[in-house]
Amino acid sequence: MSVNIGDGNKIKNSTIAEKVDNSGTETNSRKRFYDKHPVICGLIISFVVGFVLLFSFWENIITWIEGWF
C-alpha cells in the first residue's frame, strides 16, 4: 500500500536546499565583534569597570548614600 500525491510530477532543478544553506552562511559573515568573541569582550569590560572602581572618590559617594539611611 502506498500513498500517491499529485499526478506523478517530478521536481527538477530544485534550489530549495541551496537557499536554506546559503541563508545560514550569510548571517555568520555579518556578525559583530561582540557576537564572535563574547568572552573577550566580557573580560575587557570587567577590567575597565574594575579600574574605575579603584578610584578613591567612591568613598565619598558611599558615605553620602549611607547618610540617607
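**Helical architecture and an aromatic cluster in a predicted model**

Along the sequence, the chain follows the pattern α-α-α-α, with 4 helices and 0 strands; helices (H or I, at least four residues) and strands (E, at least two) are DSSP runs numbered from the N terminus. The model is predicted, with local features requiring pLDDT of at least 70, side-chain atom pairs counted only at pLDDT 80 or more, and totals for chains, interfaces and linings using all residues. Residues are numbered from 1 along each chain as its sequence is written, and side-chain values use heavy atoms, without hydrogens and water.

The mean pLDDT (the predictor's confidence in each residue, from 0 to 100) of the chain is 77, and 61% of its residues reach 70 or more. Where pLDDT is low, predicted coordinates should not be read in detail.

Buried residues (under 20% relative accessible area, 1.4 Å probe, protein chains only) account for 1% of the 69 residues in the chain.

The structure contains 4 aromatic pairs, defined by ring centres of Phe, Tyr and Trp (its six-membered ring) within 6.5 Å. Ring pairs join Phe-51, Phe-55, Phe-57 and Trp-58 into a cluster.

Conventions:
Rings of Phe, Tyr and Trp (its six-membered ring) pair if their centres lie within 6.5 Å; planes under 30 degrees apart count as stacked, over 60 as edge-to-face and the rest as tilted. Buried means under 20% relative accessible area, exposed over 50%, partly exposed in between (1.4 Å probe, protein chains only).
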